[in-house]
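Welcome, and thanks for looking at this one with us. Please open the sequence and the structure side by side, and we will walk through them together.

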Amino acid sequence: METLQCRVLSKKEWIRTPIFSVEEKMVESGQGKIMKRMVVQKKAAVVLIPLLPDGQVLMVQQWRAGTEEVMQELPAGVIDAGETPFQAAQRELREETGYRSEKLTLLGSSYSSPGFCNELFYFYLAEMLCEDPLPADEDEELNLLSVRLQEALHHPMVCRDAKSWLGLLAAEQHLRHWTKSES
């Protein structure tokens, strides 16, 4: 069996923005082949699944430059320097929904697209919500809405955003398992 491990020989930054950078990596494969890879370097982020007592999930609608359309997504945001994922989750929840969570459960983490990007998402189920708003980011214009979990899972607009769809699937699986173990 061939070894799949590669060794990074060199790195060169091509672009730096406040949101991401692009880096060229020269990589040697386990068989000695030299390859060039372009990688987007991006800070890790949190994705929140805020669950209301009636089973509805809080979601946000916002215009996204990448798609040039309004998307329906779970609240999410970058982990700031010096923050833990848990702290970032509470902050983003308060900024985007106006609530904080008394019960915040890490459901897991996943890379957004590891073939070319190192962005890592941490998924948190936010329950026992209490009003406790923080000012929203200056560059964000959001509409807040609530949708039943099953409806959100099958809504075509939600399914177009992989992080939201994955977060909802993780929450559904967690809640299904939790409900079965209580029975």
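Which residues does I49 touch, not counting residues up to four places away in sequence? In this predicted model, I49 touches V57, L74, L107, F123, Y124, L125, A126, G167, L168 and A171.

**The overall layout**

Let us step back for a moment. The protein holds 4 helices and 10 strands. Read from the N terminus on, its elements run β-β-β-β-β-β-β-α-β-β-β-α-α-α. The C-alpha trace spans about 55 × 45 × 35 Å along its principal axes. Of the 183 residues, 38% are buried. Among contacts with a separation of 6 or more, 56% are made by residues 24 or more positions apart.

As background, nonpolar side chains in soluble globular proteins tend to be buried together.

Is E127, a charged residue, buried or exposed? E127 counts as buried because its relative accessibility is 13%, under the 20% cut-off. This residue lies in strand 9. Leaving aside residues up to four places away in sequence, E127 touches L51, S101, E102, K103, T105 and L175.

**Salt bridges**

The structure holds 18 salt bridges.

| E28 | R7 | 2.5 Å |

The salt bridge between R7 and E28 links distant parts of the chain: R7 sits in strand 1 (residues 7-16) and E28 in strand 2 (residues 20-28), 21 residues apart. E28 is partly exposed, with a relative accessible area of 22%.

R91 counts as buried because its relative accessibility is 14%, and E92 is buried with a relative accessible area of 3%. These residues take part in a network of salt bridges that links D80, E83, R91, E92 and E95.

**Pockets**

Where is empty space left? Rolling a probe the size of a water molecule over the atoms shows this. The largest pocket has a volume of about 1400 Å³. Its lining comprises 41 residues, and I19, K42, R64, V78 and E119 lie nearest its centre. By class, the lining of the largest pocket divides into 18 nonpolar, 7 polar and 16 charged residues.

The second largest pocket holds about 190 Å³ of space. Which residues line the second largest pocket? They are K25, V27, M35, R37, V39, Y111, P114, G115, F116, C117 and N118. Strand 2 and strand 3 (34-42) are the elements that give two or more residues to this lining, and strand 3 gives the most, with 3 residues. The lining of the second largest pocket has 7 nonpolar, 2 polar and 2 charged residues.

**Two backbone details**

Most residues other than glycine have a negative phi. E68, which is not a glycine, has a positive phi of about 55°. Where does E68 lie? E68 is found in the loop between strand 5 and strand 6 (69-73), and it is exposed, with a relative accessible area of 64%.

M128 likewise is not a glycine, and it has a positive phi of about 50°. M128 lies in strand 9, the strand that also holds E127. With a relative accessibility of 53%, M128 counts as exposed, whereas E127 counts as buried at 13%.

Terms used
Residues are numbered from 1 along each chain as its sequence is written. This is a predicted model: local features need pLDDT of at least 70, side-chain atom pairs count only at pLDDT 80 or more; totals for chains, interfaces and linings use all residues. Side-chain values use heavy atoms; hydrogens and water are left out. Contact means heavy atoms within 4.5 Å. Buried means under 20% relative accessible area, exposed over 50%, partly exposed in between (1.4 Å probe, protein chains only). A salt bridge is a side-chain nitrogen of Lys or Arg within 4 Å of a carboxyl oxygen of Asp or Glu. On a 1 Å grid over the protein atoms alone, a cavity is a set of points where a 1.4 Å probe fits but cannot get out, and a pocket is an open set with protein on both sides within 12 Å along at least five of seven lines; lining residues have an atom within 4 Å of a point. Grid points are joined across faces, edges and corners, and a volume is the space filled by probe spheres set on the points. Ala, Val, Leu, Ile, Met, Phe, Trp, Tyr, Cys and Pro count as nonpolar, Asp, Glu, Lys and Arg as charged, and the others, Gly among them, as polar.
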